[in-house]
Amino acid sequence: MRHVSFSKFLALILAVFTVSVLLAAPAFAQSKKQVPTETPKGTQKKNARPSGTPDPEAEKVKQDRKEEDKAETDPDVLKISTNLVNIDAVVYNKKTNQIVVGLKKENFAVFENGVKQEITNFSTPEAPITIGVVVEFSKWTEYFGRAGGGGFEPGTYEVLRPVAYFVSNFIQPPQDYASIVAFDMRPTPITDFTNDPARLRAAVDLLLRNYPAFRENNVWDAVNFTLVGGKGDTVVLESSKEKYATYGGMVDIKNRRRAILLVTSGIDTFSKITYDKIRKVVQTAGVPIYIIGTGNMFFKKYEQFLPAADDISGAPGRMTFLQANNALRTLAAESGGAYYPITFEGEVPSVLKDINAFLRNQYSFAYDVPERPHDGKKYKLEVKVDINGDGQYEDKEYVVQHRPFYTAPKDAAPKDKN
């Protein structure tokens, strides 16, 4: 009987919350470009995107192939071209989570569909990072966060605090670049990729000063937009007079250390791209996604009072939170990243330190494979490590975190001329 009464009370609270949203003063709408009150003082009006850090090994392979193309060849000899498959990996101890550094090429073995491949390129460069920070900024974000924080501060702080902490403590200008994209019913780039600390600070301040306008969370659209780019709202801090602009995604960035930091509850409302399709995009992109799941703070506190399924007001039930948790965990794993479902605010600094350590201590290696048909086929990748060099792989003691799939490019279907 107490459970039924609390459910009615929760429904009444949601109804009052909805009415208050409709009657509130004009809120921050991501579909409308906002102009900050203070213009960030950067070195440029619009920072150039990172041009990329050349990889000596890759450049050597590229130069060798150019020389081969220039050389005279026997017409009777079949020329075989190859594809280079790149893998970035982090090795850490399962029990202590301590990252292992100082390994050599001989310590690794790469398998494609169970077949061992010869590693042709290997390096451990201390390369700068380029990261796309994607943050959920909706009415549900505000509601979940207010419950998680006890109602003593704006609910959006629960998702904005990790963003502010990361860009202020771990982005090292001028080598590192970051872009901040906020989303509700659609993604809005607050700032394009920049190495200007003042610009990143202005992007965070802009979000802190405003309030969400919509309840919808289109998570998969936001991830797809950040990865592959597309046409969307103009970058807010550029103060462009144009309504729409083309945003270049992470796949256009040629730097060695690329990643996405996604801060979200994982509850998707009605994204145009389906979950199955975004999984394929993530697998193909090869960009690790590190996810901080914020919905867990609300769920752990109120799980016993939530209905099994969503109620008529649209409030998420237990199954929705569990599905969101599983979806985020899968995306992180299939991208080569990691998922952190935080329960307490105090976990944020240590989680962000782990993410930064993973990005800074990656081993980069590649292998050549014969040219394949461009059919979009997926190949399973497995990397094993031999720490001691005794010929035995330490699968039980160490984890090699890397992307688990390689997807061959797919040619566009021929157009029907009839």
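These are my look-ups, in order.

**Whole chain.** I am working on a predicted model. I counted the secondary structure of the protein chain and got 10 helices and 16 strands. I then checked burial: of the 418 residues, 48% count as buried. I took the contacts with a separation of 6 or more, and 79% of them join residues 24 or more positions apart. The accessible surface comes to about 22000 Å². Carbon and sulfur atoms hold 53% of that surface.

**The patch.** Which residues form the positive surface patch? I found Lys 277, Lys 280, Lys 378 and Lys 410. I picked Lys 280 to follow. Lys 280 sits in helix α7, which covers residues 275–285. Is Lys 280 buried or exposed? I read a relative accessible area of 59% for Lys 280, and the cut-off for exposed is over 50%, so Lys 280 counts as exposed.

**The other residues of the helix.** I listed the buried residues of α7 next: Ile 278, Val 281, Val 282, Gln 283 and Ala 285. I noted the helical repeat as well: an α-helix has 3.6 residues a turn, so residues three or four places apart point the same way.

**Packing.** What do the buried residues of α7 pack against? I logged two helices, α6 (219–228) and α9 (318–335). I also logged the strands β10 (257–264), β11 (289–293), β14 (378–385) and β16 (405–407).

**Helix end.** I looked at what follows α7 and found Gly 286. The phi of Gly 286 is positive, near 70°.

Definitions and conventions:
Residues numbered from 1 in each chain as written. Predicted model: local features only at pLDDT ≥ 70, side-chain atom pairs only at ≥ 80, totals over all residues. Heavy atoms only, no water. Patch = residues over 30% accessible without salt bridge, like charges linked within 9 Å, V, L, I, M, F, W, Y side chains within 5 Å. Areas by Shrake-Rupley, 256 points an atom, 1.4 Å probe, with all protein chains shown as cover. Salt bridge = Lys/Arg side-chain N within 4 Å of Asp/Glu carboxyl O. Lys, Arg positive; Asp, Glu negative; His and termini not counted. Charge placed at Lys NZ, Arg CZ, Asp CG, Glu CD. Helix = DSSP H or I, 4+ residues; strand = E, 2+ residues; numbered from the N terminus. Buried < 20%, exposed > 50% of the residue type's maximum accessible area, 1.4 Å probe, protein only. Contact = heavy atoms within 4.5 Å.
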